[in-house]
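Let's walk through this one together, going from a single pair of residues out to the sheet and then to the helices that go with it. Please have the model open as you read.

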Amino acid sequence: MGKIAFVFSGQGAQYGGMGKELYENCESVRALYDAAENIRPGTKKQSFEGSAEELKITSNTQPCMYLADLGAALALRENGIEPEGAAGFSLGEIAALAFAGAYTPEDGFRIVSQRGILMQKASEEKETAMTAVMKIDSETIKSVCEKVGGVYPVNFNSPAQTVVAGELDSIARFKEAMSEYKCRIVDLAVAGGFHSPFMNSAAESMRAVLAEFDIRTPQIPVYANRTARPYGENVGETLLEQINNPVLWQTTIENMVNDGFDTFIETGVGKVLSGLIKKMAPDAKIYNVENAETLAQTIEAVKNNG
């Protein structure tokens, strides 16, 4: 076996009940949620019982997803599985950095809670949305975005999947322009045009938030969305720039594979990242952990393969 990486889920796959089984079965996860509850009362109820509409609100999604992501990673650690590197998709990167020791889990929760509020506020300034375009290359999507105007490629997920963000009327024009090509378009369950210029105000406000925290160099390599390379010393600035710049997920995974990672464990919610990685690294071993069953399956598989 080569190196193990934990990859932390991004928002969009959230659901009521996420994290509940791990909270009930793992001491470290329970401690994480209980500490978060003291910081932001009502978070446990939101995570374990929240409706789809409630959890789609960015200021709710991000703190709840952070706990699910980090909780799954802590459950693996509690059971003797440690990664040699990590990456997180968008808000998942906040959890990845907490797990890697860039700041405490509690400070990570405070950071992600403020991030969610600021990104929610920015998303309310204009009616924006995000749409995934599949089965077509990113260069074609870039050219259509430039032609339409007001639409930006923001998540470079794989060679055949790119996500765009824009105002609702611009997204409609983009979809019409893309009808000339053979592709599949799916709207995302998020409430804003993230990782685009629509988030500039959130990034500006987030600078003051991050300045309040002791942010250190991660203890294991954490590959940044902004650069697709491991974080260096200037962690806060790179994390800040992530908010209104594209997520370079495809290049991140390619770099991790080139650096010797051949086992990826998605921690958090769903299998979105697992599916993307499988297409880019078909020889890699890929697992996911989001509940008691997938935790047990992953522990057994990794220990047997190790």
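Start at Val-151, whose bridge partner in β5 is Gly-166. In this predicted model, β4 and β5 (residues 161-167) run antiparallel and are joined by six bridges.

Now step back to take in the sheet around this pair. Four strands form an open sheet in the order β4-β5-β3-β6, and their pairing is antiparallel. β4 (151-158) and β6 (184-187) each have a single partner strand, so these two stand at the edges, with one side of each left without a neighbour in the sheet. From one strand to the next, the twist averages 25°.

Next, look at what lies across the strands. Helix α9 (residues 168-178) lies across β3 (128-134), β4, β5 and β6, and its direction makes an angle of about 140° with β5.

Our last stop is α8 (residues 138-148). Which of its residues are buried? They are Ser-138, Thr-140, Ile-141, Val-144, Cys-145 and Val-148. Viewed down the axis of α8, these residues fall within an arc of 155°, so they line one face of the helix. Turn to the face of α8 directed away from the buried side and you will find the exposed residues Glu-139, Glu-146 and Lys-147.

Both ends of this helix deserve a look. Just after α8, Gly-149 adopts a positive phi of about 80°.

Notes:
Residues are numbered from 1 along each chain as its sequence is written. This is a predicted model: local features need pLDDT of at least 70, side-chain atom pairs count only at pLDDT 80 or more; totals for chains, interfaces and linings use all residues. Side-chain values use heavy atoms; hydrogens and water are left out. Two strands pair if DSSP finds at least two bridges between them. Axes are lines fitted to C-alpha atoms, for helices over the stretch in contact, and angles run from 0 to 180 degrees between N-to-C directions. Contact means heavy atoms within 4.5 Å. Buried means under 20% relative accessible area, exposed over 50%, partly exposed in between (1.4 Å probe, protein chains only). The arc is that of the directions from the helix axis to the C-beta atoms.
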